[in-house]
Amino acid sequence: MDLDLGNYERYLLTSLTREHNITTGKIYQSVIERERRGDYLGKTVQVVPHITNAIQDWIERVAKIPVDESGREPDVCVIELGGTVGDIESGPFIHAVSQLQRRVGKDNFAHIFVSYIPIVGEQKTKPTQRAVGDSRSAGLDPDLIACRCEQPLEDSTIQKIANMCQVEKQKVIAVHNVSTTYHVPLLLSKQKIVETLSGLLHLPSIVRPAELIERGSDMWKNWTNLTKGQDRAQDTVTIALVGKYTSLPDAYTSVTKALEHSAMFCRKKLELVWVDSSHLEDETKSNSPAEFHKAWHAVCTANAILVPGGFGVRGTAGMMKAINWARTNKIPYLGICLGMQLAVIEYASNVAKVEDAGSEELHPDAKSHVIIYMPEVDKTKMGGTMRLGKHPCIFQKDTEWSKLRALYGDAPQIEERHRHRYEVNPTMIEQLESAGLKFVGKDTKEERMEIIELRDHPWFVGVQAHPEFLSRVLTPSKFFLGFFAAAAGCLQEVTEAVNNGVAGLRIVD
C-alpha cells in the first residue's frame, strides 16, 4: 500500500481497506472484467468515459465504507490525487476527479492544491502560479492552496500567491517545516483550516451524535498534549534497528512511526540508530574493520535492539548475532516476522541445542528446519502467496507472567496484520518450550506460533505478525510500546497507564 495511506491511518485513528488504495491496474482490470461480462454491450471501451467513470464509481463506493469503531458511514472522504499535473499516469484520474467535482456540485467538493515554495535568495512563487494555472486548465480549480516551504511564509509571499492565483488570502495555507510532522495539525489549526473547510462543504449542516463530537474533542486534546509533551521531553532512548534495508529507510517507515508513537506516550525522545546487519558479520570484520566496529558499537551501546521483517539470506547471520547479544546481555529485544523467526533459530541453536537448526528459506540444506514454508504456500511462486490480513492470536494458558500480555489486561486474544510465507515448525514446539522459549500466543487452531517471549528477561518478544501496521499516534502498538518502555525503564508505569486508559505518561516538572 502507498506510504501516505499508512500516514492517514496513523493520524486519523482509522483502519482502511485494500479498496481505499486505488491504482491504475485495479481500475483497468475492473473495466476489462466488465467488458468481458458484456456490461458495455459491445461498445468500444475507451479511457473517456469508461476508465474515468470507473474511477468515479470506485471513489463513491469506497467513500461510504466505515473506517472507525463507530461503524458510521463517513461524512467526508479525503482523496489524495498523487503525482504532478501533466503526468501521463495521472491524466485519467485528474479528468475523473474534475468530472466528479462538477457532478456532485461545488458545495460537496473542496480542492486543496499542494505546491512547493522554493527559496532562491527569497521565497519564489512562480512555480506555484504556473502549477495552479496547469491545474485549472486540466479542470480542477483550487479552493485552497497549501504551500510547503522550509521556512514560514512571509506575508508578502502569501499575498502574492493570493493575488496571482485568484484566491482569498485566508485560503493560502502555509505549511512550513516543523520539529516533527505531529506538529502539522497544530500548525493547520492555527490557520483555521477546519473552519474554512466547514464553510466550503457546509459541514455544520451535518447532524453528528454528541458522543462523536466528544470523542473528537478528546482526540484533539490528547494529540495536543502528546505533541507538546514531546517538546518538553528530556531523556533520550536509543534503539538500534538491525536490518538489511537500512540504506532505504522508507522500507521501515511503519516501524519507525510505531517507535515514535511509543516515545510520545512515554514522554521520551527517540534516537534511532540504523545498523546494516551485514556489518555485524565476520566477513565485514575482515573486509571493512571500521564498519564492523562501528556497527557493533551501535548495537552494544543501544538501550534496546529491534530486528524487523524481510526476506532473503543476506544479513541474517548478523541479525542473529545481534539477537544473541540482546538475549545473553538482557537487552530489551523486539523481533518482527523475520526477527521472530531468527530469534527462534538462535535459541534453538544455542540453548535448545538443536543440531544444525535453520530455516527452509535461509538454510535449505540444514538438518533441522525450525522455520518452514507454510503448508498452503506454493513454493514455485513469489507473488500472491503470502498470508495477509488480520488474523486472531490466542494467549495461551499459564502465560499470565507475560510482560506483553499484561499490556492487554484481561483480553484473551488480539488481532494483528500478517505478511509472511514462513512459520515456526510445529513439530519442534515441545522441544523449544522445554528449553525455555515460550510461545505465549498461537492461532485459533494452536498450529501457528504467533508470539514468543522469554520469562527471565526484561523484554524479549518476537511476533510473527506486523504490529507496526496497526500502531496509531494516540494508540501505539502494545508490542512497540512495551518494548520502548522496557528500554526506557518505565514498563511497569506504562502498563498501569495503558490498563487505566491513560493516553500517555505525565511529565513531572
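Predicted model: local features only at pLDDT ≥ 70, side-chain atom pairs only at ≥ 80, totals over all residues.

Student: Why are α5 and α6 called roughly parallel?

Tutor: Helix α5 (residues 126-137) and helix α6 (residues 155-165) pack at an angle of about 30°, with their axes 10 Å apart. Angles under 35 degrees count as roughly parallel, over 145 as roughly antiparallel, 65 to 115 as roughly perpendicular and the rest as oblique. α5 and α6 are therefore roughly parallel to each other.

Student: Which residues of α5 and α6 meet?

Tutor: On the α5 side they are Thr128, Gln129, Val132 and Arg136, and on the α6 side Lys160, Ile161, Met164 and Cys165. Contact means heavy atoms within 4.5 Å. By class, this contact of α5 with α6 has four nonpolar, two polar and two charged residues.

Student: What makes α9 roughly perpendicular to α10?

Tutor: Helix α9 (residues 210-232) and helix α10 (residues 253-266) pack at an angle of about 80°, and their axes are 8 Å apart. That angle makes α9 roughly perpendicular to α10. Leu226, Thr227 and Gln230 of α9 make the contact with Ala263, Met264 and Phe265 of α10.

Student: Why is the aromatic pair of Tyr11 and Tyr182 called stacked?

Tutor: Rings of Phe, Tyr and Trp (its six-membered ring) pair if their centres lie within 6.5 Å; planes under 30 degrees apart count as stacked, over 60 as edge-to-face and the rest as tilted. Tyr11 and Tyr182 are 5.7 Å centre to centre with 20° between the planes, a stacked pair. Tyr11 lies in helix α1 and Tyr182 in the loop between β5 and α7, so the pair ties together parts that are 171 residues apart in sequence.

Student: How do you know whether Tyr182 is buried or exposed?

Tutor: Buried means under 20% relative accessible area, exposed over 50%, partly exposed in between (1.4 Å probe, protein chains only). Tyr182 has 4% relative accessibility and therefore counts as buried.

Student: What is the arrangement of Trp296 and Trp325?

Tutor: Trp296 and Trp325 form an edge-to-face pair, 6.5 Å centre to centre with 70° between the planes. Trp296, at 17% relative accessibility, counts as buried, and Trp325, at 26%, as partly exposed.

Conventions: Residues numbered from 1 in each chain as written. Heavy atoms only, no water. Axes fitted to C-alpha atoms, helices over the stretch in contact; angles between N-to-C directions. Helix = DSSP H or I, 4+ residues; strand = E, 2+ residues; numbered from the N terminus. Nonpolar A, V, L, I, M, F, W, Y, C, P; charged D, E, K, R; others polar.
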